[in-house]
Amino acid sequence: MQKTIAECGVGVSQCHLYFGKTDADNLEEYENKVAKSMEIADRMGIEWGVIHGIDYNNILGVPIDESVRLNVEFFKRLQERVKPKTLGLAFENIMNCDFANAEVLIAICEEASKYGKVGVCWDTGHANLSQGVDQGESIRKLGDWLKCLHIHDNDGRQDLHLPPYYGNLDWED
């Protein structure tokens, strides 16, 4: 794939790194799979790898500030392990968990930036599924931390990945 992409003269600015269900029993396996996908993305010269942070609040029952700290540690371990040359990690907003709002994502980025290239991927469909998230306000708050967007729509109940204007997301703001 890398050779074909290079032959076609196409640059790849972002990709999604490994993600899957995380629980207390598979955190090490999850980290190993994320690291492997980081290595591949970095070797391909991709600038941003979209990552799902670990929802320690729901998995371990820790407060959100502790979940932020544990995600910064997760980021730091990945940076030390992979030592990416070009790849930065963009934490994606995830519906109905610690990562649903911009403030938590910013808190992670502010601390994680001490250890490597970090930002946020804002997923419009995920935000539409999270109660009380104002997308326009959130995107403005993210400011320079915003590195990628996943643009899609849904009905506010399911992550349908519909084209814009085919669901109920407010696209005018």
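Predicted model: local features only at pLDDT ≥ 70, side-chain atom pairs only at ≥ 80, totals over all residues.
Residues count from 1 along each chain as its sequence is written, and side-chain values rest on heavy atoms, with hydrogens and water left out. Local features need pLDDT of at least 70 and side-chain atom pairs count only at pLDDT 80 or more, while totals for chains, interfaces and linings use all residues.

**View A. The largest pocket, about 270 Å³ in volume.** Closest to the centre, out of 14 lining residues, sit Q135, G136, L169, D170 and D173. Two elements, α6 (124-129) and α7 (135-142), each give two or more residues to this lining, and α7 has the largest share with four. (A pocket is an open set of points on a 1 Å grid over the protein atoms alone, where a 1.4 Å probe fits, with protein on both sides within 12 Å along at least five of seven lines; lining residues have an atom within 4 Å of a point. Volume is the space filled by probe spheres set on the points. Helices, H or I, have at least four residues and strands, E, at least two, as DSSP runs.)

**View B. The second largest pocket, with about 230 Å³ of space.** Here 13 residues form the lining, and G20, K21, T22, H52 and G53 are the closest to the centre.

**View C. Helix α5, residues 102-112, and its buried side.** Buried here (under 20% relative accessible area, 1.4 Å probe, protein chains only) are A102, V104, L105, I106, I108, C109 and A112. They pack against α4 (64-82), β3 (88-92), β4 (118-123) and α7, with contact meaning heavy atoms within 4.5 Å.

How values were computed. Buried < 20%, exposed > 50% of the residue type's maximum accessible area, 1.4 Å probe, protein only.
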